[in-house]
Amino acid sequence: MPKDEAGVLSEIKRNYILRKLKEGQRGDGRTLTAFREISITTNYIPRSAGSAYVKLGRTKVVAGIKVESGEPFPDTPNQGVLTTNVELLPMAFPTFEAGPPNEGSIEIARVVDRGIRESKMIDLESLVIEPGKKVWIIFADIDVIDFDGNLIDACTLAVVSALRSAIVPGSKEGSKDFQLPVRSLPISVTMVKIGDEIVADPDLEEEQLSTARVTVTTTEDGHIRAMQKGDTGFFTLDEIRKAIKISSNTGKQIREKYFQ
Amino acid sequence: MGTASDIKLIDENGLRIDGRSPTELRPLKIETDVLDRADGSAYIEWGGNKILVAVYGPREAYPKHTQDIDKAVIKARYNMSAFSVDERKRPGPDRRSVEISKVISEALQAAVMVEQFPRAQIDVFIEVLQADAGTRIAGLTASSVALASAGIPMRDLVVGCAAGKVDGKIVLDLGKEEDNFGQADLPMGILARSGKIVLMQMDGDLTEDEFNQATELIMDATRRIYEIQREALAGKYRAMAIERGGE
């Protein structure tokens with residue numbers, strides 16, 4: 001989505017990036033699989049139950065968690081609820097518009113949500129207050145405030161960090177406040193295809209040059225928990241296999257470097 | 001994926017809950033030209049799925065800001081009927097169908113020769129009349145037949161197919177119980193002749209090795225589904241030839 005809204009990349013930049021890629025390098029000097037610098041500040045919004053301010057290069061997002069009691073879904077009466085929402089704020093990019101979520105932000109939110117849900121990061125069964133009647137509902141809301149590519153990974157990092165810092169207000173329901181129970185550490189790695197090259201953590205210029213996108217979310221055990229191919233181009237099966245390898249290696253590095 | 005359950009999905013003989021082997025597809029049937037008004041249409045029955053697809057266009061893209069000066073834009077709309085599932089589904093797009101519409105549009109865009117129709121849009125309306133797991137890949141499979149039957153130039157047909165993990169085993173084409181209680185689902189859209197991947201989503205828990213097993217099953221099934229698509233289209237032209245007194 002941001003790709004279409006972003007307009008056209010200048011010829012000179014385009015040629016520069018393509019020439020560098022042929023030499024195995026990125027426009028900004030990174031290797032093909034390297035991420036930009038990541039910075040994570042947790043408890044950024046003390047009024048929320050948990051929060052994180054994440055910078056991924058020049059992309060900046062804020063995730064805030066709110067926890068409220070409410071009714072469970074009828075098909076999962078003995079589980080808490082997790083909902084994820086992404087707001088592409090107009091301040092983040094010239095062509096982002098205020099209003100209800102568009103298909104782009106819905107896709108980002110759903111890919112982030114699937115990565116966390118399928119990784120079983122949150123023990124939803126421990127979030128029951130009264131079986132079948134009352135459970136904890138975890139709202140994960142993400143504000144995109146500055147956009148320079150790869151929102152899926154920035155948003156996943158932010159929600160994961162915010163959830164790890166979140167406190168459930170048990171005292172409001174007659175027990176004690178407690179740390180949100182977290183069982184795994186999902187990391188998403190998004191890659192795009194430019195020409196025949198696969199590059200990880202694309203910035204906006206690289207997204208504009210790319211033909212296809214793939215996100216692979218893994219857990220500590222190296223298992224694949226969620227994947228999503230996006231955009232109108234294609235991948236070969238070999239390219240997908242390569243993307244899975246890149247994701248599990250890079251996921252491991254990110255866990256070691258930023259989550260000790 | 002779905003919640004854990006005590007239901008045994010694969011029996012001691014390695015057969016699945018509906019009696020299929022791990023590499024077996026559910027019964028699959030495609031018909032073309034089932035609607036009169038649309039420029040092209042198709043109907044697919046795949047297991048218990050019953051899905052209609054109508055194609056309109058190429059026609060001028062509207063609203064104007066959606067026009068692409070270089071190519072046509074494919075606008076697929078995946079929609080589930082209110083009566084397609086056990087509990088009534090509230091009509092209109094929800095977040096799930098918005099996402100599915102997006103990935104199906106992108107997959108079809110890779111197959112259609114969109115560069116022949118600058119500033120145009122091609123609408124693909126996918127209506128799930130009855131849902132039984134795998135609606136997005138069934139809808140995608142039928143969409144590419146409907147586009148071809150509308151006479152829209154295409155590089156290739158798109159085949160939709162899924163594999164998944166059930167009771168720890170990799171199996172082809174998940175049924176409803178397998179989808180609800182299985183451990184992974186991997187729907188894919190493949191360009192039939194080149195094997196290029198134009199749609200892929202996955203949720204659940206797969207190792208790299210299991211992913212490779214799953215894609216092997218999908219690639220193999222792609223050929224079988226492609227034959228059914230071709231036969232549906234060939235049947236249409238055979239019928240036209242007979243009508244005109246030739247054979």
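Among contacts in chain A between residues at least 6 apart in sequence, 70% join residues at least 24 apart, two residues being in contact if their C-beta atoms, placed from the backbone, lie within 7 Å. In chain B, residues 24 or more positions apart account for 71% of the contacts with a separation of 6 or more. The structure is a predicted model, in which local features need pLDDT of at least 70 and side-chain atom pairs count only at pLDDT 80 or more, while totals for chains, interfaces and linings use all residues. Residues are numbered from 1 along each chain as its sequence is written, chains are lettered from A and ligands numbered from 1 in the order in which they are written.

Chain A contains 6 helices and 12 strands; helices (H or I, at least four residues) and strands (E, at least two) are DSSP runs, numbered from the N terminus. The radius of gyration of chain A is 19 Å, close to the 18 Å that the globule rule gives for 260 residues, so chain A is as compact as a globular protein of that length. The radius is taken over C-alpha atoms, and the globule rule is 2.2 Å times the number of residues to the power 0.38. The C-alpha trace of chain A spans about 65 × 40 × 35 Å along its principal axes. Of the 260 residues in chain A, 48% are buried, a residue being buried if 20 or more other C-beta atoms lie within 10 Å of its own, exposed if 12 or fewer, and partly exposed in between, with C-beta atoms placed from the backbone.

Chain B has 4 helices and 9 strands, and from the N terminus on its elements run β-β-β-β-α-β-α-β-β-α-β-β-α. The radius of gyration of chain B is 18 Å, close to the 18 Å of the globule rule for 247 residues, so chain B is as compact as a globular protein of that length. The C-alpha trace of chain B spans about 55 × 45 × 35 Å along its principal axes, and 49% of the 247 residues of chain B count as buried.

At the interface, 24 residues of chain A are in contact with 26 residues of chain B. Helix H3 (103-118), strand E12 (224-230) and helix H6 (237-258) of chain A each supply at least two residues of the side of chain A that touches chain B. The largest share of that side, 7 residues, comes from E12(A). By class, the side of chain A that touches chain B has 9 nonpolar, 7 polar and 8 charged residues; Ala, Val, Leu, Ile, Met, Phe, Trp, Tyr, Cys and Pro count as nonpolar, Asp, Glu, Lys and Arg as charged, and the others, Gly among them, as polar.

An open sheet of 8 strands has the order E10(A)-E9(A)-E11(A)-E12(A)-E9(B)-E8(B)-E6(B)-E7(B), with antiparallel pairing; two strands pair if DSSP finds at least two bridges between them. The edge strands, each pairing on one side only, are E10 (197-200) of chain A and E7 (169-172) of chain B. The twist averages 20° from one strand to the next; axes are lines fitted to C-alpha atoms, for helices over the stretch in contact, and angles run from 0 to 180 degrees between N-to-C directions.

Within chain A, strand E9 (residues 187-194) is joined to strand E11 (residues 212-218) by 7 bridges, and the two run antiparallel. A:Thr190 stands opposite A:Thr215 in E11(A). Between the chains, E12(A) and strand E9 (residues 197-206) of chain B pair in the antiparallel sense over 4 bridges, and the bridge partner of A:Ala226 in E9(B) is B:Asp203. H3(A) lies across E9, E11 and E12 of chain A together with E9 of chain B, running at about 165° to E12(A).

In strand E8 (residues 184-191) of chain B, 8 of the 8 residues are buried, so E8(B) is largely enclosed by the rest of the structure. Strand E6 (residues 158-166) of chain B pairs with E8(B) in the antiparallel sense over 8 bridges, and B:Cys161 stands opposite B:Met188. E8(B) and E9(B) pair in the antiparallel sense over 5 bridges, with B:Ile190 opposite B:Ile197. Their hairpin has 5 residues between the strands, and in this hairpin B:Gly195 takes a positive phi near 75°.
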